Amino acid sequence: MTKTTPSRREFLCALGGCAAAATAAGCSDLTHTSWFRSAFRELGDDEKKAIVADLEREHAVKYGKPVKVGTEGPLPDVEFGYALDISRCIGCRRCVYSCVDENNQSRDPQLHWIRVLEMDKEKGIDFAHANAYYEAEKVPRDGHFYLPVACQQCRNAPCVRACPVGATWMEKDGIVVIDYDWCIGCRCCMSACPYGARHFNYGEPHVPPEQLNPDTHYLGNRPRTKGVVEKCTFCIQRVRKGRYPACVEVCPVGARKFGNLLDPDSEVRYVLEHKRVYVLKAELNTRPKFFYFYGL
Amino acid sequence: MATLRRFWQFALASLHIVLRGNVYYWIWIAALLLLIGAGAVAYAHQLQAGLIATNMRDQVSWAFYIGNFTFLVGVAAAAVLLVIPAYVYDWKPIKEVVILGELLAIASIVMCGLFVTVDIGRPERFWHLLPGLGSLNVPQSLLAWDVLVLNGYLVLNLVIVTYMLFSLYRGRHPAKKVFLPLVLFSIPAAIAIHTVTAFLYNGLPARPFWNASILAPRFIASALCSGPAVLLILMQLLRRFTRFDIDDRAIWKVAELMAYTMFLNLFLLGAEVFKDVYSDTEHLVHMRYMFVGLGEHRAIVPYMWFSVFCSIAAFLLFLIPKTRRNPLTLNLGCVLIWIGVYLEKGMGLVIPGMTPDTLGEIYEYFPSNVELWVAAGIFAVGFLLFTLMVKVATPIMLGELHASDVQGIGHADEPAHEPVR
């Protein structure tokens, strides 16, 4: 796979007129401009290094501080899973905003990877009567419960199937990721996703430099551009280094559990084996690795 | 070499023809160029600002552009309705106009390509879709399939049309063993582009409104209504303004076939409505948004009822032999069916499919001015292309334009060559 990449790039170079593209992108090494950048999955180690160095330089100039772009791969014998206790969640939306901070989501236009839905206890889990725009000061409101929804990290992911250029795929550790430099912005994946988990950058995303989280991952929270799709990655930049996702850490009631599905002693396995577990829209056979449970 | 030189001559002659025309021709061209300019300005703004210049948002992430794309795939597929009687049943009066259907297909596919281009967030990355160079996700992704079949259909029609016109220009009859297989192949190809486009929606279980197996048949039925409607009007215009002799019987036959396809279109819509309404599951919500609105959200309701009204009225006009043979009611029917299908495919398919969204949120979409101008510009490109192609094709088919050294082409009043057979 890696062998084909340089020739493709040379071909494009000849075709597109390198000088013009490099000038337009304001980059010294023209083959590393985002237009020529090959799909992440096809890159060799040396190319990854070179591209990451370029990205880090670009981001440092734009945000005025050093930014790290990691390319850590999946850990062996790890498949991540998530469990969320519906009976504990109070709908405070701290997860939403810690996710925004951790994952460098655009503040203007505003973009959230997590949507917290307020539902009637009488109706149960019923999207048709859900309300994502409830007033946060009053939670939890009587007669209601709360259902935070982000990417369900499906094993049988409709979004991966729909992408015409293979810019989104499931990694070995089960995280569905997006290559922001390969995505063409056609939004087929958004039509295919049953959970509204995918978000498009309709405008140029804006993150104030002082708020930018400089610890990033190529397939996760590195700064995005307009015209591409993004979504939750279980905080790939954290979990591949043995840390919890930001939403798990911030949850004030401990409703969020995260761990390795292949480890029999993990918290998430305990939940699966001892609690009543529910997955959203099970009839669609997407087989999520994100489980909801009733802990109380 | 001689053929190449001849082809160069053919290209120059074609250029010469499109640069000649009366005042109406130039007014028409100027109006189209003006619209194209306006569309280009709007698109430049959209490129700069991003798709935030449209009214699409995460809740309704495909809308007007993709609706237009879908409608035009239908128009492109419509050439089949002419090919089938002409070549499968060897019905002569229609053969002359088959080439117009092919030209319409070319113009429509070009518009389809433009609508997809303006809809995507990173159009400069189009090369990721090129087989070999990029990484086309076949056989999994239906958009990847659509890219293949639409481009294949474009090439097929370009080859057929160029071959036929170039042969006639050289004073030869197109060799049957070359063009007949191509023309016959264009029938399944037309069905294929429409089926794959329908599957693009159909294959999304996340969207119950589209995840109905009746979708592809409905696409084909509506395409066979809207496409021929354009051709019927065009045939009459050509008859009026050129020496093109189009048999009344050809027009009536096409109109009769359209009456059947219109019935089929309404029948399939009725079947869909019945299933949703009688079952009364939570999936009915999309149909309700379409025809009655959800609370105060009823932006598209009047358009949908108008669409149904147009489709039924057109069906009745085409069903009754007297009204489908009367030029006035015939043309009225053509306009009505065009409007009916355009509203149904352009707005009634995509928008209700996404409203409410997968988590139950209602975002009421209506196209922004940028979207409307960009769409107008794209339609103007299509009309311009079609006008120029018809302008070149007409004198060639009439035997008025031919290579200078070709003998035996008759006087302008009595073409030695019969029109395309």
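Q: What is the mean pLDDT of chain A?
A: This is a predicted model, in which local features need pLDDT of at least 70, side-chain atom pairs count only at pLDDT 80 or more, and totals for chains, interfaces and linings use all residues. Residues are numbered from 1 along each chain as its sequence is written, while chains are lettered from A and ligands numbered from 1 in the order in which they are written. The pLDDT is the predictor's confidence in each residue, from 0 to 100. In chain A, 89% of the residues reach 70 or more, and the mean pLDDT is 91.

Q: Over which residues of chain A is the pLDDT below 50, with 13 contacts in the model beyond near neighbours in sequence?
A: Two residues are in contact if their C-beta atoms, placed from the backbone, lie within 7 Å. Residues 1-6 of chain A have pLDDT below 50 and, beyond near neighbours in sequence, nine contacts in the model. The stretch with 13 such contacts and pLDDT below 50 is residues 18-28.

Q: How many helices and strands are there in chain A, and how many in chain B?
A: Helices (H or I, at least four residues) and strands (E, at least two) are DSSP runs, numbered from the N terminus. Chain A has nine helices and 12 strands. Chain B has 15 helices and zero strands.

Q: Why is chain B described as being as compact as a globular protein of its length?
A: The radius of gyration is taken over C-alpha atoms, and the globule rule is 2.2 Å times the number of residues to the power 0.38. For 421 residues that rule gives 22 Å, and chain B is as compact as a globular protein of that length because its radius of gyration is close to this, at 22 Å.

Q: Which element of chain A supplies the largest share of the side that touches chain B?
A: The contact joins 44 residues of chain A to 37 residues of chain B. Helix H1 (4-16), strand S3 (115-120), helix H5 (158-162), helix H6 (188-192) and strand S7 (199-200) of chain A each supply at least two residues of that side. The largest share, four residues, comes from H6(A).

Q: How many residues does domain 2 of chain A contribute to its contact with domain 1?
A: Domain bounds come from an automatic or database domain assignment. Chain A is divided into domain 1 (4-66) and domain 2 (72-296). Domain 1 gives 11 residues to the contact, and domain 2 gives 10 residues.

Q: Is Val116(B) buried or exposed?
A: A residue is buried if 20 or more other C-beta atoms lie within 10 Å of its own, exposed if 12 or fewer, and partly exposed in between, with C-beta atoms placed from the backbone. Val116(B) is found in helix H5 of chain B. Because Val116(B) has 21 C-beta neighbours inside 10 Å, this residue counts as buried.
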